[in-house]
Amino acid sequence: MSDDESQQIDHSFHSLLESSNEKRVFKRILVANRGEIAMRIYRACSELGIRSIGVYSEVDTMHMHRTMADESYLIGKGLPPVQAYLNIPTIVQVAKETGADAVHPGYGFLSESAEFAQACNDAGIVFIGPKPETVALLGDKVKARAASVAAGVPVVPGSPGPIQSAKEVTDFCAEHGFPVILKAAFGGGGRGMRIVRRAEDLVESFERATSEAKAAFGNGSMFVERYVENARHIEIQILADSKGNVVHLHERDCSVQRRHQKVVEIAPAPYLDPAVAAAIAGDAVKLMRHVGYQNAGTVEFLYEQHTGQHFFMEVNPRIQVEHTVTEEVTGVDIVRKQIRIAEGYTLAQQDISQESIKVHGFAMQCRITTEDPHRGFQPDSGRLEDFRPGLGIGIRLDSASAYAGAIISPYYDSLLCKVIVKASNFHDCVVKTYRCLGEFRIRGVKTNIPFLRNLLNCSEFLSGPVSTGFLDRNPQLVKQKTSKNKAQRLLFFIAETLVNGSTTPISNKDIRIPEVNPPVPDIDYSSSCPPGWRQILLKEGPEAFAKAILRHPTVLLTDTTMRDAHQSLLATRVRTHDLIKIAPFVARRMENLLSLECWGGATFDVAMRFLHECPWDRLEELRKRIPNIPFQMLLRGANAVGYTNYPDNVVYKFCEEAVKSGMDIFRVFDCLNYVPNMLVGMDAVRKAGGVVEAALCYTGDVTRSEKYTLQYYLDTAEQLVRAGTHILAIKDMAGLLKPDGARLLVRALKTKFPDYPLHVHTHDTAGAGVATLLACAEAGADIIDAAVDSMSGITSQPSMGALVASLGGNGGGLRMPDVTQYSSYWELTRRLYANFECTSTMRSGNADVYENQIPGGQYTNLQFQSMSLGLADQFELVKKRFSEANQLLGDIIKVTPSSKIVGDLAQFMVQNGLSYNDVLERASDLSFPTSVIEFFDGHVGQPYGGFPPKLAAAVLRGRPPTYTDRPGAKMPPFDFDALRERLNEKFSDLHITEKDLISSALYPRMHEQFMINRRLYGPVWLLDTRVFFQGPKTAEELEIQLHQGKTMYVKPLAVAGVDKRGQRECFFEVNGQQRVVYVTDREASKDIIIRPKADQNNKGSVGSPMPGEILAIKVKQGDAVEKGQALIVVSAMKMELVVSAPITGKVKSVYVTVKDKVEGNDLVMDLE
């Protein structure tokens, strides 16, 4: 407000006051408070034409209440944040220097300080509130009780005066018993308040309550009284003028409390007998008249429903946090009335009488706080990255720091925003409040909104009156659904990529991803998907499905583009984002495919490790879009989709969940063709309801091999048929099967097992893949694997288009135009993975695969590994050593994980300059890779022909192998219940599913990191691939579809320089609004000393539960402690929290001292 405007309004009020013969006119009011109540008072001043004067502490320099005042002044320089607002001399001095006519104390801080009220009066400044002697009387809970008794108002039994020691409490309890309640004698608001139910808790509770009261009110005196349980907390709002006139503004129900602090306030009190309400209000007025009260105040009562009695609790001689609900139902602006009464107005002069005060409808206030209900309501602090409130008719928001970019301080109360809702009846009020809270979007700090919504939806709250024990009786209200918060997490991921580069390791960072957006073929996607082979499977079952394949007149095709093709060509890095874009096209135009290989194998772990995706989500998202084509996956027998053996129940549970998520055909294999390992996977698939496709892993040359002969394959197939497979498969993982060998093997298998479909899989590394598959089809194969043209060849599968064209009308029912469109999509999409492209080092197929026998899926990975080990220029030698390593290990079947063992040994040989003979001669002195040792130890299984005895003895240093049969047979069942408990404890803010349990059982460390990434980044698969790997350009507009009907538009604007904490500000425009995200620059922050965080995986690692200051340290290094014993006391937001020992043990280290400032989860102590 300008000075001219203020003078004009002042003049009109001067005239009004002169006509009513009043002398005092306030022109300037100092507000001795902060936050939302300060702003509430500023607004009242503005409406009354009074200039507002604000004060602020050093930590409040950037807070809105400082700037909203007409003028504001720094106080308490050098003092702790809370003490700044308790510094009476400084505040009074500022009031005098600024010419303030009056001081409004708000609530909290000095609002109940008689000393402050007197200091204002002594300085000739009006204290907007009761007279100092009244504040002193009512602020002393003992004297207030005496006054209540004298006024004839009932009270709860309590101490006759302030108590200074725990012994006095003990004496009181000896007479009155437990429970009792300790209260700050000179303050309220739940500070310095503790319920004590047991004698052994008394001393600790007294010390904490005393310390908290002293910190909040400057006086630690206590008052004790019998604790009335399950009572309603009813309070009466009072207005009283200097002439002795007192009226009440009816009642408020404040029974919903946590830690004695009100959470929800309602006016009028629902389900309260009007006669009872009138009696309580009458006693309130009686008491206030008796003490000569002046200004606004609240009289609080406990109402015992089972006895119908009410008891005086205390008087709050100030404005209350919850005054808002009374204002809404009565239409009385309480803060303005406070100011007018302080100016000398009588109630009558303000047209206020008891008869004129009517209640209209219901109002409810919910306090949104920056607390985490899931972690015991620990206060949170930080920067609000986003703030969008719920609004609408009948909704009022009182706040101060509720805006994007605001800093939430750890030093003050955690109240962020008061939501006040008005409606015609209680039910509508609850419904509207619930809706309003649901519209809030607050990012950057935790809030209690989920808890508030749970509370409002609780049947006990909705159906009748609740007592102060309501929340204790309903602990389930703290449980909350995990906030998806997709938008903010994705924004943080983009910022992380812009500041620190790709979160996925990239071998060639110089290659920039082109700005291409692969178009999806333009067809009618509104049409339903035509029926496919999956409809036969779902309707008739696996056995009938297999027979239907046999009856089909032509060879069928399986498409490997979505799995093995990109594993072979692009290091398995293709993301869900690009797979699901083309999925609807596949479902509508490639419906005659026998199956889609789209899951399992390396895609499972790579999705979590490098792409931050959940592999289960990928499977389910694809299944939503392709309901008609069977899905196929690789199952590594007893290894499931891992690289080691697991307890059998892990494999069974995996297969069960996979089928539930949409998987149909399981190609079960073992890396050594060790049938006992395969039997577990086959049985697990059958019991889960899936199709068993048992695979013979092919190696060597069947036309001339002395070890892996035709009879070997026939004998192995015989075992698989007896074990109950539905389909037989040849898995030629290195592309070693030549056309003549294909004819020989396929004809032999079809002749011996005519009742079983035969499925052939090969790689095109040598360039002969198409010829081999055509030979297979000619020899009677029922199904052959192919990759779409632009994703075929080299180490991938043979070309789908070439096969369809060559087979003519026998091309599996696929149409060439559809194959061409499908290929065009992947041709462009492949360019997005330029950093992982195998053609960067391998320009064409290579027939030397017939010698080195490197599997196609491993070939490119081996190249990347060689580059990372500095062996890029020696890859030819690596390939040669791969062949030699294979012979050293006994010429084994080579497919994951056995192929990795061979590759590890080959690279070991190259790095150490070892030849074939060197290894044999020096084996007993070499430190072999762990995978090689485990191979000889039997961890993988038993190879056909056994282990090379001389090398095995040397590697194992002469000891016998641990396993001589199937490793999983000796493993006890995996304890999924214990794992669920651990994950729920570690990731309590995330929803742990059965699929998470399986992923963790298979890959514990990898899954843990994935969960951390999911918590940080959200569903990153929604991002375009170029953005995921290298981030967007400045000012580039990103369109991110969060889910159907919800699109987020993001435009990165700038990245600021590094601040003193090693962080950078990243500026974005999100849906047209500016947003700021802070990201630590890992390179720039290396030299910045930051307090380490507690290790969440170590129960003895003790972290601070919240940001704050260390008040006390209860133990020292070397002390023995019991679980639950107090270790440290932390103070934040005027609340004290005792950090207890999470385990029984000994104090290993203490990392903090008293008065240290800590952030949430900062390491404070180690126990052992």
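Author: Ser1000 lies in helix H40, residues 994-1002. Helices (H or I, at least four residues) and strands (E, at least two) are DSSP runs, numbered from the N terminus. The model is predicted, with local features needing pLDDT of at least 70 and side-chain atom pairs counting only at pLDDT 80 or more, while totals for chains, interfaces and linings use all residues. Residues are numbered from 1 along each chain as its sequence is written, and side-chain values use heavy atoms, with hydrogens and water left out.

Ser1000 counts as buried because its relative accessibility is 7%; buried means under 20% relative accessible area, exposed over 50%, and partly exposed in between (1.4 Å probe, protein chains only). Apart from neighbours within four places in sequence, Ser1000 is in contact (heavy atoms within 4.5 Å) with Leu979, Leu983 and His1007.

Turning to charged pairs, side chains of opposite charge can pair when their charged atoms come close. The whole structure holds 79 salt bridges, each being a side-chain nitrogen of Lys or Arg within 4 Å of a carboxyl oxygen of Asp or Glu. One of them joins Arg40 to Asp333, with 2.8 Å between the closest N and O atoms. This pair links distant parts of the chain, 293 residues apart: Arg40 is in helix H2 (residues 35-47), and Asp333 is in the loop between helix H12 (323-330) and helix H13 (334-343). Arg40 is buried, as its relative accessibility is 8%.

Glu621 and Arg625 also meet in a salt bridge, at 2.7 Å from N to O. These two are about one helical turn apart, because they lie four residues from each other in helix H24 (residues 615-625). Glu621 is buried at 14% relative accessible area, whereas Arg625, at 26%, is partly exposed. A further salt bridge pairs Arg830 with Glu837, their closest N and O atoms being 2.8 Å apart; Arg830 is buried at 13%, and Glu837 is buried at 10%. Elsewhere a network of salt bridges links Glu235, Arg252, Lys262, Glu265, Glu300, Glu322 and Arg367.

Next come the sheets. An open sheet of five strands has the order E3-E2-E1-E4-E5, with parallel pairing; two strands pair if DSSP finds at least two bridges between them. Strand E3 (71-74) and strand E5 (126-127) are at the edges, and each has a single partner strand, so one side of each has no neighbour in the sheet. Strand E1 (residues 28-31) pairs with strand E4 (residues 102-104) over three bridges, in the parallel sense, and Leu30 stands opposite Val103 in E4.

An open sheet of four strands, in the order E35-E42-E40-E37, is antiparallel. Its edge strands, E35 (1101-1103) and E37 (1120-1121), each pair on one side only. E35 is joined to the antiparallel strand E42 (residues 1163-1167) by three bridges, and Ser1101 has Asp1166 in E42 as its bridge partner.

The largest cavity is lined by Arg232, Asp253, Ile266, Pro270, Tyr271, Phe426, Phe461, Gly464, Pro465 and Val466. On a 1 Å grid over the protein atoms alone, a cavity is a set of points where a 1.4 Å probe fits but cannot get out, and lining residues have an atom within 4 Å of a point.

Note on methods. 1 Å grid on protein atoms, 1.4 Å probe; cavity = no way out; pocket = protein on both sides within 12 Å on 5 of 7 lines; lining within 4 Å.
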